[in-house]
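Here is a friendly tour of how the parts of a protein model meet. Keep the picture in view while you read.

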Amino acid sequence: MFHSSAKQTAGLRRARGIMVNIGRFVVMLATTYLGLLAVTFFIGRVVPIDPVLAIVGDRAPASVVERVREEMGFNLPLWRQFVLYLQQALTGDFGTSVLTTNPVLEDIVRVFPATLELATVGTLIGAGLGVPLGVIAAVRRGSIADQIVRIVGLIGYSVPIFWLGLLSLLLLYAKLKWVAYPGRLDIAYEYTFTPITGLYLIDAAWTRQWDVLWDAFRHIILPGALLGYFSLAYISRMTRSFMLNELGQEYIVAARAKGLSERRIVWFHALRNAAVPLVTVIALSYAGLLEGSVLTETVFSWPGIGLYITNSLQNADMNAVLGGTIVIGSVFITINMLSDLLYRLLDPRTRAR
Amino acid sequence: MTDPSSPAPSTAPNESWREWLLTAEPRSRNQARLGRAYVTWRRFSENRLAVTGLLIIVALILVAFFADLLAPHSATVGDLAGARLLPPGSPGFLLGTDDQGRDILSRLLVGSRITLAVVALVAIIAAPVGLLIGTVSGFAGGYVDAVLMRITDIFLAFPKLILALAFVAALGPGIENAVIAIALTSWPPYARLARAETLGVRNSDYIAAVHLMGASPTRIVIRHIMPMCLSSLIVRVTLDMAGIILTAAGLGFLGLGAQPPLPEWGTMIASGRRFILDQWWVATMPGIAILIVSLGFNLLGDGLRDALDPRGAGR
């Protein structure tokens, strides 16, 4: 009797704890999105001296200015404008792009896969190299290998990525002809290839067009490698730090005493425990690449969301800029929060309570 | 470092200074402070990379101050007829010239002022804001804390570069607006850090003692909590400087930061982009300058962190 009731209350308490956690997560996510929309609203409506003049131009007659002001709801009090703005944003209505004359959301849906593909390739390269390098640096702490990894990482932190992109294009495309020119595909394929998902590597492999796959690979490898280097700097540094932390633990001593091989201790026992915070780090760097691709896409004429935003910027197309900001911001926030949640799920120590 | 039982045979005045600095029983507050600073400096100067970083930053500051004296040519007016797109090593133009016939070396030297000003301004705006929000939040607790930290978290979750882009797009391109935009997006980590430090000292005895002596909350926060946050804040700001430089250069590269003819390094890369195939040096030289300076800040920040917080050294 006693036991079962105790178990029940414990179970209840746990269930309630989970509910509270989920509730807190939802509230955090909602307020963060609200904050993002508030900031973009502020940027779009409050920062320009007069948003109506920004649209119709300062030579428009007074009657036109008044009409547009009323049509766009700019005569309403600011909080009503914000509510209207929220309603529009929540239904995915970011207005029309002046540059392409399409609805902004339509444009973004079209260009987003390009950015997603690039950031994914970048993260795969960054994590695929960064984690082993970080582990080696931690195991051989203070050695030449450690120093090299450290300096490679420091340069990755310090180099302007757009500059490195320009120089590598100069060397690898213009001089050595190892990689393809900027863009996603050669012109020959650009019009014959119909994408399905918009991720060209996957589409080409799916439809067994191996020549297209090779061409897409030759185009993505350089910008992908650059973004990969950028995230490698961060991932290898964090891996090293986590691994140093794990290698100092007592269970490592126990494993050594048991006679396990050093390789097994490092790559199986220690890395597995370091993997929990590493997942968060890799997710964060993935989100960072989605954002950081703005400059890379500009250099490599990569038709993703970053290039879309910068092109719109140059043409004073604020709807498109803010729409793009909201989409990237939302993805960024979501990945941030999910990685936090994932961390809690993976690490049993943070689950109790 | 010094073993009191066996004093090393060294020059006498030097040794007594050291003893005075390292004494376990300082007789005045200043002696204690100088002693701590000396120990920190000893730890810092052992790190060769950190000293390299410090030298780079000192050089940057000196160059920025004396740019007018050091620059062999004008940074904004070039010789279009006689010195257009000369390669590096040409007589009189060590790093070559750009499409306007301007000496790249002179432009880089004068441009260091812009880089330094951007970094300093962002630090001067963002660090105090973060410090204030963090300490108030940590000290007040309760609803104030919850609200302030929620706002901080919201800003922390934003993509920085994109937000800075949108800000500059609305405010109009220019170096001042770039500084404002970067500052607006870089204060949240400082607030988080200051709050964590505040929570660490908030319930300690010395705060209780000051409180009993009748100090107001404002005084406690400003005089007794903020100083405790400073060292970790300085480390964090130094480490962020490289990121600030890269963001400012990125904005300049996109045409949203400093406008030509200002010799901002990112803007210079953007204008050199058109000649990259044949006149590679126009875009390459400013990039090297950015790389060196942000590497300097990163090395300095790493070294400072290791020197001020020996627990995490080498991590």
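## Before we start

This is a predicted model, in which local features need pLDDT of at least 70, side-chain atom pairs count only at pLDDT 80 or more, and totals for chains, interfaces and linings use all residues. Residues are numbered from 1 along each chain as its sequence is written, chains are lettered from A and ligands numbered from 1 in the order in which they are written, and side-chain values use heavy atoms, with hydrogens and water left out.

## Where chain A meets chain B

Let us begin with the two chains. On one side 48 residues of chain A touch 43 residues of chain B, where contact means heavy atoms within 4.5 Å. Together the chains bury about 4,100 Å², and 74% of that is on carbon and sulfur atoms. Buried area here is the accessible area (1.4 Å probe) that two parts lose on being put together, summed over both. In chain A, the residues that lose the most area to chain B are Phe162(A), Trp163(A) and Leu166(A), together 14% of what that side buries.

Nine residue pairs are in polar contact between the chains, both at pLDDT 80 or more. A polar contact is a pair of N or O atoms within 3.5 Å; within protein, one must be able to donate a hydrogen and the other to accept it, and residues adjacent in sequence count only if both atoms are side-chain atoms. Helix 14 of chain A gives the most to the side of chain A that touches chain B, with nine residues. Helices (H or I, at least four residues) are DSSP runs, numbered from the N terminus.

## Two domains in chain A

Chain A is divided into domain 1 (2-90) and domain 2 (104-350), with bounds that come from an automatic or database domain assignment. Their centres, taken over C-alpha atoms, are 30 Å apart. Between them, the two domains of chain A bury about 1,000 Å², 84% of it on carbon and sulfur atoms. On the domain 1 side, Phe25(A), Tyr33(A) and Leu36(A) lose the most area to domain 2, together 43% of what that side buries.

How many salt bridges does the rule find across the interface of domain 1 of chain A and domain 2 of chain A? The count is zero. A salt bridge is a side-chain nitrogen of Lys or Arg within 4 Å of a carboxyl oxygen of Asp or Glu.

## Salt bridges to look for

Over all chains, the structure holds 15 salt bridges, and two are between chain A and chain B. In one pair, Arg110(A) and Asp107(A) meet at 3.1 Å, N to O. Both residues lie in helix 5 (residues 104-139) of chain A, three residues apart, about one turn of the helix. Arg110(A) is exposed, with a relative accessible area of 52%, whereas Asp107(A) is buried at 0%. Buried means under 20% relative accessible area, exposed over 50%, and partly exposed in between (1.4 Å probe, protein chains only).

Now find Asp302(B), which is buried at 3%. Asp302(B) meets Arg237(A) in a salt bridge (2.7 Å, N to O). Asp302(B) also forms a salt bridge with Arg305(B), the closest N and O atoms being 3.3 Å apart. Arg305(B) is partly exposed, at 25%. Salt bridges that share partners join Arg150(A), Arg237(A), Asp302(B), Arg305(B) and Asp306(B) into one network.

Definitions and conventions
Helix = DSSP H or I, 4+ residues; strand = E, 2+ residues; numbered from the N terminus.
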